[in-house]
Amino acid sequence: MSIKGIFPIDKWDFKSESILADLPPDVYEVLVAHKSEQIYKKNEVLFREGSFPSGIFYITKGKVKKYKVDNDGKEQIIYLANTGQLIGYHAILSEDRYPDSAAVIEESTIAFIPKEDFLKALDYSPLLNNRLLKTLSHEFAVLANSLTMFAQKTVRERLALQLIIIREKYKENYVEGMSIEINISREDLASLVGTARENIVRVLTEFKEDNILETKGRKIMIKDVGKLIKIANYK
């Protein structure tokens with residue numbers, strides 16, 4: 001089932017895919033002049049909070065979690081980035097250390113673009129500058145919505161909302177009626193929702209009993225996204 005028209009996914013999902021889409025060839029050549037590509041295994045770290053950036057990362061294929069770690073070593077996932085998205089550019093733009101960490105949640109192919117080439121491309125292309133500004137503005141709005149979600153919604157509502165958002169990230173070559181599998185650990189899901197793992201397991205069981213989803217190991221198959229949208233109570 002498509003959620004277009006019944007759920008405002010753009011209010012909850014970063015959109016950095018368009019930054020590099022259809023760039024003029026001369027701009028693209030400057031940007032990727034010294035690009036390198038690497039396959040990362042699940043849970044491998046791209047960068048850690050507090051370190052200095054030496055470039056930006058482009059997700060050629062896979063998924064990456066951005067997260068912070070508190071004083072007790074507990075992770076709080078801020079966002080899941082998907083194929084086609086850029087990460088790590090905020091620290092370069094602010095000329096500061098990374099404000100968070102990033103690690104892949106499944107085997108992923110990641111391209112690295114050196115800082116010098118990224119900044120050179122920005123100086124060279126007003127179009128790239130405008131796209132970045134637009135993306136940053138959108139991300140700010142998404143984070144503001146997320147803060148409101150954590151402050152005002154129950155665990156049940158937050159989990160429903162996150163499942164809707166994550167479902168969109170796993171829609172590859174989607175055809176109406178196709179089953180979409182979400183492959184994510186219960187620990188990462190709990191970190192996204194901002195609750196304990198046992199609460200996630202309990203609510204997932206309730207959703208299974210209500211015929212909203214099925215599970216197989218760590219995989220979650222959404223059967224009725226319409227019911228999740230009602231539970232999320234996003235309005």
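Is asparagine 211 buried, partly exposed or exposed? At 43% relative accessibility, asparagine 211 counts as partly exposed; buried means under 20% relative accessible area, exposed over 50%, and partly exposed in between (1.4 Å probe, protein chains only).

## Basis of the values

This is a predicted model, in which local features need pLDDT of at least 70 and side-chain atom pairs count only at pLDDT 80 or more, while totals for chains, interfaces and linings use all residues. Residues are numbered from 1 along each chain as its sequence is written, and side-chain values use heavy atoms, with hydrogens and water left out.

Helix α7 covers residues 197-209; helices (H or I, at least four residues) and strands (E, at least two) are DSSP runs, numbered from the N terminus. Its 13 residues should span 18 Å at 1.5 Å a residue, and the end C-alpha atoms are 19 Å apart, which agrees. The expected span of a helix is 1.5 Å times one less than its number of residues.

The buried residues in α7 include Ile200, Val203, Leu204 and Phe207. They cover an arc of only 105° around the axis, which puts them on the same side of α7; the arc is that of the directions from the helix axis to the C-beta atoms. An α-helix has 3.6 residues a turn, so residues three or four places apart point the same way. The buried residues of α7 pack against α5 (155-169), α6 (186-193), β10 (213-216), β11 (219-222) and α8 (225-232), where contact means heavy atoms within 4.5 Å. Glu198 and Glu209 are exposed, on the face of α7 turned away from its buried side.

Threonine 205 and leucine 128 are 77 residues apart in sequence and 45 Å apart in space, C-alpha to C-alpha.

## Positive phi angles

Asparagine 211 is found in the loop between α7 and β10. Although asparagine 211 is not a glycine, its phi is positive, at about 60°. Aspartate 22, likewise not a glycine, has a positive phi of about 55°. Aspartate 22 is placed in the segment before α1 (25-31), and at 75% relative accessibility it counts as exposed.

Helix α5 has 15 residues and reaches 21 Å from its first C-alpha to its last, close to the 21 Å expected at 1.5 Å a residue. Of these 15 residues, 14 are buried, so α5 is largely enclosed by the rest of the structure.

Leucine 192 lies in helix α6 and counts as buried at 4% relative accessibility. Leaving aside neighbours within four places in sequence, leucine 192 is in contact with Gln76, Ile77, Leu80, Phe150, Gln162, Ile166 and Ile184. The C-alpha atoms of leucine 192 and arginine 158 are separated by 9.0 Å, with the two residues 34 apart along the chain.

## Helix α3

Asp117, Phe118, Ala121 and Leu122 are the buried residues of helix α3 (residues 115-124). They cover an arc of only 140° around the axis, which puts them on the same side of α3. Elements that cover these buried residues include α1, β3 (55-61), α2, β8 (108-114) and α4 (126-152). On the face of α3 turned away from its buried side are the exposed residues Glu116, Lys120 and Asp123.

## Cavities

The count comes to 2 cavities of 30 Å³ or more. A cavity is a set of points, on a 1 Å grid over the protein atoms alone, where a 1.4 Å probe fits but cannot get out; lining residues have an atom within 4 Å of a point. Grid points are joined across faces, edges and corners, and a volume is the space filled by probe spheres set on the points.

The second largest cavity has a volume of about 40 Å³. Phe47, Lys66, Gly88, Tyr89, His90, Ala91, Tyr98, Pro99 and Asp100 line the second largest cavity. Helix α2 (residues 89-94) supplies the largest share of this lining, 3 residues. By class, the lining divides into 5 nonpolar, 2 polar and 2 charged residues; Ala, Val, Leu, Ile, Met, Phe, Trp, Tyr, Cys and Pro count as nonpolar, Asp, Glu, Lys and Arg as charged, and the others, Gly among them, as polar.

Technical notes: 1 Å grid on protein atoms, 1.4 Å probe; cavity = no way out; pocket = protein on both sides within 12 Å on 5 of 7 lines; lining within 4 Å.
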